[in-house]
Amino acid sequence: MIMTDLILHQYAASPFSEKVRRLLGYKQLSYHTVEIPVIMPKPDLMSLTGGYRKTPVLQLGADIYCDTSIICKLIDRLHPADSIYPKAQIATLLAAANWTDTFLFKASVAVAFQPKALASSDLFSDPATAEAFMADRAEFSKGSTALGLDLSIAQPHWLMHMQQVDKQLATTNFLGGDTPNILDFSTYHCCWFVYKNEVLKADLENFPALAQWMQKIAAFGQSKSNPMTGEAAIAIARNNAIATSSKIINISDMGLSVGDSVAVMPIDYGFQPTQGELLAADLDEIVVKRIDERAGEIAVHFPRLGFQINKVSE
């Protein structure tokens with residue numbers, strides 16, 4: 001069986017899932033969606049990732065892609081028309097997108113979860129649901145301060161950047177000029193996360209060009225997605241062969257070789273490692289091969305940026 005359709009494991013309120021959904025809309029691609037739980041347990045997802053629990057995850061047959069930085073590159077590589085990675089700006093764009101996906105996202109979390117916004121949130125209207133969510137996120141971020149930013153610190157940084165983005169967008173259609181690039185999609189998901197709340201949406205009146213740009217990105221749509229169960233996605237992984245070849249490039253100084261037992265996890269938060277056999281690695285990507293009793297032999301892909309890899313003692 002050969003499965004070449006993209007499968008997005010996501011949930012509707014996930015901001016990073018929104019980043020990928022809009023990119024898929026821009027590329028006018030059809031894809032499948034698997035709705036995963038907002039909080040643990042996530043047994044179907046864990047069968048595929050082996051521990052990594054950030055959202056979203058993209059599946060292509062038996063190859064599983066973790067983190068939107070590598071997901072977006074994969075989509076653009078498979079469908080290069082209207083590329084969002086113009087070569088003349090690649091270093092600048094990747095650096096800016098990384099800052100946006102890390103620091104600006106941390107600020108957006110604080111702004112999105114401010115008291116007046118939480119008061120109108122369905123998630124926090126039920127005490128038991130709110131308690132479960134907060135406990136899950138505390139476990140998720142255990143040992144990290146990467147998501148912790150007080151509103152008093154976050155809001156001035158957020159407003160400053162929104163003002164600068166608004167000024168730039170008053171002179172151009174997108175952050176990259178006439179067509180969108182990766183920075184548009186990274187910035188959009190942070191803005192969407194904040195301003196999708198009705199209580200905060202009125203704040204967009206202060207940024208008219210930003211509001212108009214958000215409408216342009218939203219117009220790319222999500223209409224070509226088709227729902228799929230987690231069980232069906234696992235069956236697809238089980239019935240397909242890994243498409244990744246073994247290779248080690250440019251990391252010999254770390255003493256790693258194909259076949260080594262390794263553990264890979266983020267460096268910011270979500271310290272739940274994926275363990276397996278090192279299949280491939282270079283300066284852009286780490287690929288771990290693992291065998292799951294439900295999904296069979298699968299390859300789990302991570303970006304080098306933002307992740308750590310360590311040997312595991314036998």
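**Exercise 1.** Is F113 buried, partly exposed or exposed, and what is its relative accessible area?

*Solution.* The model is a predicted one.
Step 1. The relative accessible area of F113 is 33%.
Step 2. Buried means under 20%, and exposed means over 50%.
Step 3. F113 is therefore partly exposed, because its value falls in between.

**Exercise 2.** Classify the ring pair of F113 and F193, and state which parts of the chain the pair ties together.

*Solution.* 
Step 1. The ring centres of F113 and F193 are 5.8 Å apart, and centres within 6.5 Å make a pair.
Step 2. The planes of the two rings stand at 75°, and over 60 degrees counts as edge-to-face, so the pair F113 and F193 is edge-to-face.
Step 3. F113 sits in the loop between α4 (90-112) and α5 (115-118), while F193 belongs to helix α8 (residues 182-195), so parts 80 residues apart in sequence are tied together.
Step 4. F193 has a relative accessibility of 11% and counts as buried.
Step 5. Both residues also belong to a cluster of F16, F105, F113, F133 and F193, linked by ring pairs.

**Exercise 3.** The whole structure holds 14 aromatic pairs. Classify the pair of Y52 and F307, then locate both residues.

*Solution.* 
Step 1. The ring centres of Y52 and F307 lie 6.1 Å apart, with the planes at 40°.
Step 2. An angle under 30 degrees would be stacked and one over 60 edge-to-face, so this pair is tilted.
Step 3. Y52 is found in the loop between α2 (43-49) and β3 (57-60), and F307 in strand β11 (residues 307-311).
Step 4. The two residues are 255 residues apart, and their pair links distant parts of the chain.
Step 5. Y52 and F307 are both buried.

**Exercise 4.** Describe the largest nonpolar core.

*Solution.* 
Step 1. This core has 54 residues, and I75, W158, Y195, L210 and W213 have the most contacts inside it.
Step 2. Several elements give it two or more residues, including α1 (15-26), α3 (68-78), α7 (151-169) and α10 (208-218).
Step 3. Its largest share, 10 residues, comes from α8.
Step 4. Leaving out residues up to four places away in sequence, L210 touches M162, V165, D166, L169, C191, Y195 and L204.
Step 5. Another core, of 35 residues, lies apart from this one; L48, M228, I234 and L256 are among its members.

Note on methods. Residues are numbered from 1 along each chain as its sequence is written. This is a predicted model: local features need pLDDT of at least 70, side-chain atom pairs count only at pLDDT 80 or more; totals for chains, interfaces and linings use all residues. Side-chain values use heavy atoms; hydrogens and water are left out. Rings of Phe, Tyr and Trp (its six-membered ring) pair if their centres lie within 6.5 Å; planes under 30 degrees apart count as stacked, over 60 as edge-to-face and the rest as tilted. Helices (H or I, at least four residues) and strands (E, at least two) are DSSP runs, numbered from the N terminus. Buried means under 20% relative accessible area, exposed over 50%, partly exposed in between (1.4 Å probe, protein chains only). A nonpolar core is a set of buried Ala, Val, Leu, Ile, Met, Phe, Trp, Tyr and Cys residues joined through side-chain atoms within 4.5 Å. Contact means heavy atoms within 4.5 Å.
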